Amino acid sequence: MAGLKIAVQMDPMHSIDITGDSTFALMLEAQSRGHALWHYEVHHMWLNGATLQARVRPVTVQNVPGEHYEFGPEKTVNLAEMDVVLMRQDPPFDMAYITATHLLEHIHPKTLVVNNPAAVRNAPEKLLVTHFPELMPPTLIAWDRGAIRDFRKLHGDIIVKPLFGNGGIGVFRIKPDDENLGSLLDMFFAASREPLMVQRYEPAVRQGDKRIILIDGEPLGALNRVPAEGDSRSNMHAGGRPERTSLTPRELEICARIGPTLKREGLLFTGIDVIGGYLTEINVTSPTGLQQIARFDGVNLAAAIWDKIEAKRA
């Protein structure tokens, strides 16, 4: 199809790791198809009356470390004049993130925002998953310390994590004999008014936490992430080791259950996390894993994503 005008709302270009960044892979693929790219950070966007504007810079990208991008002159544009906006800034999923989704709703779907901003707002990774309790490990979302202590008493070994965190930051394993739960709750609740997510610890995480990429609701690739020795977190940002994998019948069942919901809500690019046959998160804000899967399996998921986007624009 004719070249699209694509604005990429993301973190600073100089800060990304081009060997693993999925947004960078999407930009390379879009450029190879003749689409024009513009870059902006979320705080360079504003709503003026009913017009959503941003200070953008045209950008070209290349897979050369240290020389991976080149900007053209900055200008102010009406984002409604773009064909596609990729909303790819990293969490935390805070009020700034939520506000950005409200602003982007002014242009979607005439300008296709990926993922659908209303669905992103309504489906943060650790909450959308709770609509599929039969697929999850035992899970609690609570402020109440008594409820958290009762959950621990029932399950013994637990994981405690911020509800709107990312990258494994602030994730703690509390073993049955650990005396630090009270202090941990003091620390969390002194820093935030948000509830916590508490889940039963799944020993299967030592064999890996599987990231499965779904594109328009269909599972098209997967990656296993094995925690580093002495760490319960499998996130690659936290030192998890990626390795090649394939999908089990149980994992295909999970994808079949959640896929129609993702497709219906316009969540075109998602990444789910599965530990020992249990669904733990549905990542909708800025999923990762495209480059690692490409290296292991030779599958270009960035191309599959752009195939879907181009079909929707056509």
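Leaving aside neighbours within four places in sequence, Leu104 is in contact with Gln9, Tyr40, Met45, Leu52, Val85, Met87, Val113 and Pro117, where contact means heavy atoms within 4.5 Å. The model is a predicted one, in which local features need pLDDT of at least 70 and side-chain atom pairs count only at pLDDT 80 or more, while totals for chains, interfaces and linings use all residues. Residues are numbered from 1 along each chain as its sequence is written, and side-chain values use heavy atoms, with hydrogens and water left out.

Leu104 is also, with Tyr40, Met45, Leu79, Ile272, Leu279 and Ile282, among the residues that touch the most other members of the largest nonpolar core, which has 44 residues. Helix α2 (residues 95-104) supplies the largest share of this core, five residues. A second, separate core of 31 residues includes Ile18, Ala30, Ile293 and Ile305. A nonpolar core is here a set of buried Ala, Val, Leu, Ile, Met, Phe, Trp, Tyr and Cys residues joined through side-chain atoms within 4.5 Å; buried means under 20% relative accessible area, exposed over 50%, and partly exposed in between, with a 1.4 Å probe and protein chains only. Helices (H or I, at least four residues) and strands (E, at least two) are DSSP runs, numbered from the N terminus.

Charged side chains form another set of links, and 22 salt bridges are found in the whole structure, each being a side-chain nitrogen of Lys or Arg within 4 Å of a carboxyl oxygen of Asp or Glu. Three of them are listed below.

| Salt bridge | N to O distance |
|---|---|
| Asp307 and Arg33 | 2.9 Å |
| Arg313 and Asp83 | 3.9 Å |
| Arg225 and Asp273 | 2.9 Å |

Asp307 lies in helix α9 (residues 301-313) and Arg33 in the loop between α1 (22-32) and β2 (36-40), so this pair ties together parts that are 274 residues apart in sequence. Asp307 is partly exposed at 45% relative accessibility, and Arg33 is partly exposed at 24%. Arg225, in contrast, is buried at 4%, and Asp273 is buried at 5%. Salt bridges that share partners join Glu29, Arg33, Asp307 and Glu310 into one network.

The structure also holds four aromatic pairs, in which rings of Phe, Tyr and Trp (its six-membered ring) have centres within 6.5 Å, with planes under 30 degrees apart counted as stacked, over 60 as edge-to-face and the rest as tilted. The ring centres of Phe93 and Tyr97 are 5.5 Å apart and their planes stand at 35°, so the pair is tilted. The rings of Phe172 and Phe188 have centres 6.1 Å apart and planes at 90°, so this pair is edge-to-face. Phe172 is partly exposed at 33% relative accessibility, whereas Phe188 is buried at 12%. Ring pairs also link Phe93, Tyr97 and Phe164 into a cluster.
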